[in-house]
Amino acid sequence: MATVLALETSCDESAAAVVRDSTVLASAVASQVEEHARWGGVVPEIASRRHVEALPQLIEQVCAASGVAVAAVDAVAATVAPGLVGALLVASVTGRTLARLHGKPFLGIHHLEGHLASVQLGEPLPPGPYLVLLASGGHTELVRVDGPGRYLRLGRSHDDAAGEAFDKVARLLGLGYPGGPAIQAAAGAGDPQRFSLPKGRISLPEGGFHPYDFSFSGLKTAMLRQVRALEQVEADTGAALPRADLAASFERVVAEVLVERSCRCALDQGLGTLVLVGGVAANQRLRQLLEQRCRRDGLQWRVAPLAYCTDNAAMIGVAACQRQAAGQSSAIDLGVAARLPLAQADRLYETQAAF
Ligand code: KG4
Ligand code: ZN
């Protein structure tokens, strides 16, 4: 059993947690969302500054709440890739400093490995390899997981990530940032069947379509056209823009695309369990549809607990406990990287820092 202090500052949430294997002893998140909302998206410079201000207090808070002092943990972990470089540096430098000061091993964690590990904070998983649909603000991927560090990407988005599409469409509808929760709230009162929208597909050079890849840019453009046409109607007749119906129709199509392709992939690949993680996994319609379709298709399913879908440090702690259990740790001079494919997460544990 290892106890880890985990830090996360890759985007616009500052977070700290104390985790013992798959048990969260304490977890705290300071969101900067309101500050970035003014600009309609994350401003990297503001994000870094706010992380610097927030992180020390969060560490004190989780240590006090868990009753575990930094001196008593077995390792210190921080997200080191991918993300905004200036933002990543805050957790990385803080984590490495604390590790050095207290003579503890340091573990750099891949942010997506953290999201994958978030499902371990819920119901235990059935044995065997499983398929994960990871849908966040930066990524939409289908990943076969055979164990910690053993990942095979089977599908991906060729343009926007699902969460990014939620954010852009919310802005288009004047619903604010972040878009996911705003669209979900607006969609509650809407008719999800009112507008038919395209389920973007990726053509294969030899003909036909990629069965598991995604594209959300066509859907975004279709929404833009629909909104512009309805705004004209509003100008001509005074009929208000049907925001709720637009939000509900958009949300339905995204959920259908994600679930249909994920189930198809799991069935084709002979994977009996489908797992949903990432910020978009907080979406209620998506969670319900996944459950319905998995039941119908005879698949088992698991969804990350709601509190650990959007960025948090508890999921980073779980991933770190798994790496620690495998006898791994990172070089103390390991830096950060804006990009790093998940398949290369093992590079974070090489004796010589990968970057
Ligand atoms: O995982 P996350 O916190 O950060 C990244 O690693 O990107 O995901 C953030 C994304 C945002 O795009 C946000 O709009 C989306 O997750 N999101 C949602 C919901 N809550 C957050 N999307 C749909 N429905 C939600 N309820
Ligand atoms: Zn994330």
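Start with contacts along the sequence. In the protein chain, 70% of the contacts with a separation of 6 or more are between residues 24 or more positions apart. This is a predicted model, so please hear every value as computed from it.

Now the overall dimensions. The C-alpha trace spans about 70 × 45 × 35 Å along its principal axes. The accessible surface is about 14,800 Å², and carbon and sulfur atoms hold 50% of that.

On to secondary structure. The protein chain has ten helices and ten strands. Five strands make an open sheet with mixed pairing, in the order β3-β2-β1-β4-β5. Which strands stand at the edges? They are β3, residues 23-31, and β5, residues 106-110; each has a single partner strand, so one side of each lacks a neighbour in the sheet. On average, and ignoring direction, neighbouring strands here are turned by 20° against each other.

Inside the sheet, β1 (residues 3-8) pairs with β2 (residues 13-20) in the antiparallel sense, over six bridges. One residue to look at is threonine 3, whose bridge partner in β2 is arginine 20.

Last, the helices on this sheet. Helix α3, residues 85-102, packs on it and touches β1, β4 (75-81) and β5. The direction of α3 makes about 155° with that of β4. Helix α10, residues 314-325, lies across β1, β2, β3, β4 and β5, and runs at about 120° to β5.

Key
Residues numbered from 1 in each chain as written. Chains lettered and ligands numbered in written order. Predicted model: local features only at pLDDT ≥ 70, side-chain atom pairs only at ≥ 80, totals over all residues. Heavy atoms only, no water. Pairing = 2+ DSSP bridges. Helix = DSSP H or I, 4+ residues; strand = E, 2+ residues; numbered from the N terminus. Axes fitted to C-alpha atoms, helices over the stretch in contact; angles between N-to-C directions. Contact = heavy atoms within 4.5 Å. Areas by Shrake-Rupley, 256 points an atom, 1.4 Å probe, with all protein chains shown as cover.
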